[in-house]
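Student: Before I rely on a model of a complex, I would like to learn how to read its sheets, helices and interfaces in order. Could you take me through them?

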Amino acid sequence: MYPSRFRYEAPRSLDEAIGMLHNGGDYAKVLAGGQSLVPLMKLRFASPELVVDINNVPGLDYHRADPDGTLHVGALCRHVDLEHSELLKTYQPTMAAAAPLIADPIVRNRGTLVGSLCHADPQGDWASVVMALGGSIVAQGPGGRRAIPIAGFVTGPFQNVLEPDEIAVEAVIPAAKGMRAGGYLKLERRVGDFATVGVAVAVETAGESVTRAGIALTGVGGSTIDASAAADALVGRPLTAESIGRAADLAAEAARPRTDHRGSAEYKRHMVRTFVTRILGRIEPAQERAA
Amino acid sequence: MTVVYEDLGDEAGEAVPIRRIRFSINGKKMVAEVEPRLLLSHLIRRGLGLTGTHMGCDTTNCGACTVQVDGRPVKSCTMLAVQVDGREITTVEGLATASELHPLQEGFKEEHGLQCGFCTPGMMMAAKALLDENPDPTEEDVRWALSGNLCRCTGYQNIVKSVLWAAAKLRSESAG
């Protein structure tokens, strides 16, 4: 399968790339890892007139933390870099849990977190992880940079709020105020399949008490679901069997699954409840983690 | 190398954006003129005549088309040929020398790691990347590294054994 014909540019700087998008006509696409865009182009679901390949733009393959703990993930940071990241293993348990579950190992060598967020597939794993962590996308255009919270970034399946001449240059995960814990669990029929159900949980604790919580769901609705009521039920109290059970029930209520070849709606809803319980149940009390 | 493209009359120069790229494949330096929409897998198979790289699903699932670009395995059906400008490609043809099989190829022979053989080149290229990084993998490591490559014949058992065989052979070679 071939994509339809397009013009191809491989700029060497962000300014050059943005200029190309600005002057690029009606339909231009940015190519980073290409693990979603190239298949879509081959299937002719996407037929851009111009492809701006940013792989030769230096300095975008980073992921790093500010002194306060704010995490920045550049547009060319591949899934595999995150999978092997000591930084994530130490400070970002939800992201560290998700990275090895993205697609398959060969796709992870090319695909990027930022590209995955821009692609805005309702089945995408990173979107719920970044949503649970309260992250945002930084877009750069001719007029400068702006930060867009992930909840407002995606407007529908495969749609985001980027202007035609804007590039998503990085994702930002805010610093934790408390002790960070959480995880990501994904039910898939086989490696590389889309999630039947994916659940991202990110909590922060101070002493006994949960100070911040985010729960987001993959694959159980027309878009990534922010299970905020479930998360709110955790805040301001210690993690107990009762609070965990309450959050798991609320997350299952927030899910909007449909019966399909991956499973029945009831089954998927049940798995949301199970995954929330499982992730939260594994979190040890803060004192033990510190010790 | 032959480049064939649609005749669009006088507008051809404008409308068909041919780009010249330079790259190396299995250590050999090459120049190619490609349309940006040419896939890497097609450049390798049709442009370069290296048919060891197989096209299986053509949808980024099966991994039969796996090659290494700058040492990292990628699915060549999901990368544009223009993107390898300035890069190094290794295909399954780059494994053996004229007189000697690569230990991975020997391993697949010794442990019956193939039946129809369609997935084998991709399996080997993914396995080579694993062994380059981790010379002493566990069975679990091998299964993990090959989880992006599908085989419809073997049930993977002998493929995993083949890679472990090759790992042991490579270790004994480097120790000797």
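Tutor: We will go from confidence to domains, then to sheets and helices, and finally to the contact between the chains.

Student: What should I keep in mind about the origin of the model, and which ipTM and pTM does the predictor give the complex?

Tutor: This is a predicted model, and the predictor gives the complex an ipTM of 0.93 together with a pTM of 0.94. For chain B, the mean pLDDT is 93, with 91% of the residues of that chain at 70 or more.

Student: How is chain A divided into domains?

Tutor: The domain assignment of chain A gives domain 1 (7-50), domain 2 (63-173) and domain 3 (179-290). The centres of domain 2 of chain A and domain 3 of chain A, taken over C-alpha atoms, are separated by 20 Å, and the contact takes 24 residues from domain 2 and 25 residues from domain 3.

Student: Which elements of domain 2 of chain A each supply at least two residues to the side that touches domain 3 of chain A?

Tutor: They are helix H5 (93-98), H8 and strand E8 (154-156) of chain A, and H8(A) gives the most to that side of domain 2, with six residues. By class, the side of domain 2 of chain A that touches domain 3 of chain A has 16 nonpolar, six polar and two charged residues.

Student: How do I read a sheet, and what is the order of the four strands in the open sheet of chain A?

Tutor: In general, the strands of a sheet pair through backbone hydrogen bonds, either parallel or antiparallel. Here the open sheet of four strands in chain A has the order E11-E12-E13-E14, with antiparallel pairing. Strand E11 (179-187) and strand E14 (225-226) of chain A stand at the edges with a single partner strand each, so one side of each is left without a neighbour in the sheet.

Student: How many bridges join strand E13 of chain A to E14(A)?

Tutor: Two bridges join strand E13 (residues 209-218) of chain A to E14(A), and these strands run antiparallel. For a place to look, take A:Leu217, whose bridge partner in E14(A) is A:Ile225.

Student: Which strands does helix H8 of chain A lie across?

Tutor: Helix H8 (residues 125-132) of chain A lies across E11, strand E12 (197-206), E13 and E14 of chain A, and runs at about 160 degrees to E13(A). Helix H12 (residues 265-282) of chain A also packs on the sheet, where it touches E11, E12 and E13 of chain A, and its direction makes about 30 degrees with that of E12(A).

Student: At roughly what angle do the axes of helix H11 of chain A and H12(A) cross?

Tutor: The axes of helix H11 (residues 241-254) of chain A and H12(A) cross at roughly 150 degrees and come within 8 Å, and the crossing is right-handed. Among the residues that meet are A:Ile244, A:Ala248 and A:Ala252 in H11(A), and A:Val272, A:Val276 and A:Leu280 in H12(A). The residues of this contact of H11(A) with H12(A) divide into eight nonpolar, three polar and three charged.

Student: Finally, how many residues of chain B are in contact with chain A, and which element of chain B gives the most?

Tutor: The size of an interface is often given as the accessible area lost when the parts come together. Counted here by residues, 24 of chain B are in contact with 22 of chain A. E4(B) gives the most to the side of chain B that touches chain A, with four residues, and by class that side has 10 nonpolar, nine polar and five charged residues.

Definitions and conventions:
Residues are numbered from 1 along each chain as its sequence is written. Chains are lettered from A and ligands numbered from 1 in the order in which they are written. This is a predicted model: local features need pLDDT of at least 70, side-chain atom pairs count only at pLDDT 80 or more; totals for chains, interfaces and linings use all residues. Two residues are in contact if their C-beta atoms, placed from the backbone, lie within 7 Å. Ala, Val, Leu, Ile, Met, Phe, Trp, Tyr, Cys and Pro count as nonpolar, Asp, Glu, Lys and Arg as charged, and the others, Gly among them, as polar. pLDDT is the predictor's confidence in each residue, from 0 to 100. Two strands pair if DSSP finds at least two bridges between them. Axes are lines fitted to C-alpha atoms, for helices over the stretch in contact, and angles run from 0 to 180 degrees between N-to-C directions. Domain bounds come from an automatic or database domain assignment. A crossing is left-handed if the near helix is turned anticlockwise from the far one by less than a right angle, and right-handed if clockwise.
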